[in-house]
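Have the sequence and the 3D view open as you read.

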Amino acid sequence: MTGLDYSFSLGKIGVLERKIIPLSILQEIVESPLEEAFSRIKDFFLVSATFKREYKHLENIFLIEQQFLKNLCLFLIKEDSLKVILQYIDEPQTLLEKNKLRKEVLNFFNFYFETLNIVNVLRIKAYSLKEDTYDYKRQEINLINLEKKFFGFFNELLRKIYYEAEELIRKECNYLLDFLVDKYFKLFFASTRMNLFGSQLVFWYYFAKRLNCRIAKFLILGKFYNLDKEKIKAVVDYA
């Protein structure tokens, strides 16, 4: 990434950060009726949207938003060797078959798979599920290996994920696990964001906005289905 490309991306992300719905607004609209809640958040969308009290319409709004977000961030990342992180984020197993991946790409996907391994193995442990229930595993992993790795070379973020996921499962709050995982994908890039280092700033924005969008979707669809307000509040806390 050249200095000019980087300056452009930095300036663009500075503007786009305003499209992340602040926690204070999300907390306020938990108490609002559905239509009012949508009205409060629609100005934060990257793609303009209108309200209709139909499930398919509301679902489609968030699908379009997330696809636009990915395409926008791919445009802002000028290095093709780094774009693969977003190009393969939904099917990373196929990426690992490729050769000559950059260190930054390998570092992130190692973190990605270790995070999913932790969550999945804790689920297996809690509910006595078969280990082949999940297909995210990069390698064979069992409870004994997990404990060895956990006390051996897990980094600080992975230790936090382990304890937080374990607590959520203990409280039977499994619906929060996906938001927990997304939170830590965002945090993975947070330190490099503070250092304003290359394309990491764009990756931080992608995962921050993606998490924000998923929280907003849960909030709106939760209201649509009259979901328990305390469950909606618990999700909003991950913003």
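## Contacts and overall build

Residues 24 or more positions apart account for 61% of the contacts in the protein with a separation of 6 or more, where contact means heavy atoms within 4.5 Å. Before going on, a word on ground rules: this is a predicted model, in which local features need pLDDT of at least 70, side-chain atom pairs count only at pLDDT 80 or more, and totals for chains, interfaces and linings use all residues. Residues are numbered from 1 along each chain as its sequence is written, and side-chain values use heavy atoms, with hydrogens and water left out.

What is the protein built from? It has twelve helices and zero strands, so the run of elements from the N terminus is simply α-α-α-α-α-α-α-α-α-α-α-α. Helices (H or I, at least four residues) and strands (E, at least two) are DSSP runs, numbered from the N terminus.

Of the 239 residues in the protein, 47% are buried. Buried here means under 20% relative accessible area, exposed means over 50%, and partly exposed is in between (1.4 Å probe, protein chains only).

Now for the packing. Axes are lines fitted to C-alpha atoms, for helices over the stretch in contact, and angles run from 0 to 180 degrees between N-to-C directions.

| Helix pair | Angle | Axis distance |
|---|---|---|
| H3 (residues 34-41) and H11 (residues 200-224) | about 165° | 9 Å |
| H11 and H12 | about 170° | 9 Å |
| H4 (residues 55-76) and H5 (residues 80-87) | roughly 170° | within 9 Å |

How do H3 and H11 run relative to each other, parallel or antiparallel? They come out roughly antiparallel. The cut-offs are under 35 degrees for roughly parallel, over 145 for roughly antiparallel and 65 to 115 for roughly perpendicular, with the rest oblique. The H3 and H11 crossing is left-handed, a label used if the near helix is turned anticlockwise from the far one by less than a right angle (clockwise would be right-handed). From H3, the contact uses Leu-34, Ala-37, Phe-38 and Ile-41, while H11 brings Ala-216, Leu-219, Ile-220, Lys-223 and Phe-224. That gives eight nonpolar, no polar and one charged residues. For these classes, Ala, Val, Leu, Ile, Met, Phe, Trp, Tyr, Cys and Pro count as nonpolar, Asp, Glu, Lys and Arg as charged, and the others, Gly among them, as polar.

H11 also packs with H12, and this pair is roughly antiparallel too. On the H11 side you'll find Ile-215, Phe-218, Leu-219, Gly-222 and Lys-223, facing Lys-231, Ile-232, Val-235 and Val-236 of H12. This contact splits into six nonpolar, one polar and two charged residues.

H4 and H5 are likewise roughly antiparallel. Here Lys-70, Cys-73 and Leu-74 in H4 meet Lys-83, Leu-86 and Gln-87 in H5, which comes to three nonpolar, one polar and two charged residues.

## Residues to click on

Which residues does Thr-115 touch, leaving aside its neighbours within four places in sequence? They are Leu-158, Ile-161, Val-181 and Phe-185. Thr-115 sits in helix H7 (residues 103-127) and is buried, at 0% relative accessibility.

Leu-106 is in helix H7 as well, but it is partly exposed at 36%. Glu-36 and Phe-51 are 15 residues apart in sequence and 9.8 Å apart from C-alpha to C-alpha.

Finally, the backbone. Most residues other than glycine have a negative phi. Glu-172, though not a glycine, has a positive phi of about 60°; look for it in the loop between helix H9 (156-170) and helix H10 (177-194), where it is exposed at 63% relative accessibility. Asn-226 isn't a glycine either, and its phi is positive at about 55°. This residue lies in the loop between H11 and helix H12 (229-236) and is exposed, with a relative accessible area of 69%.
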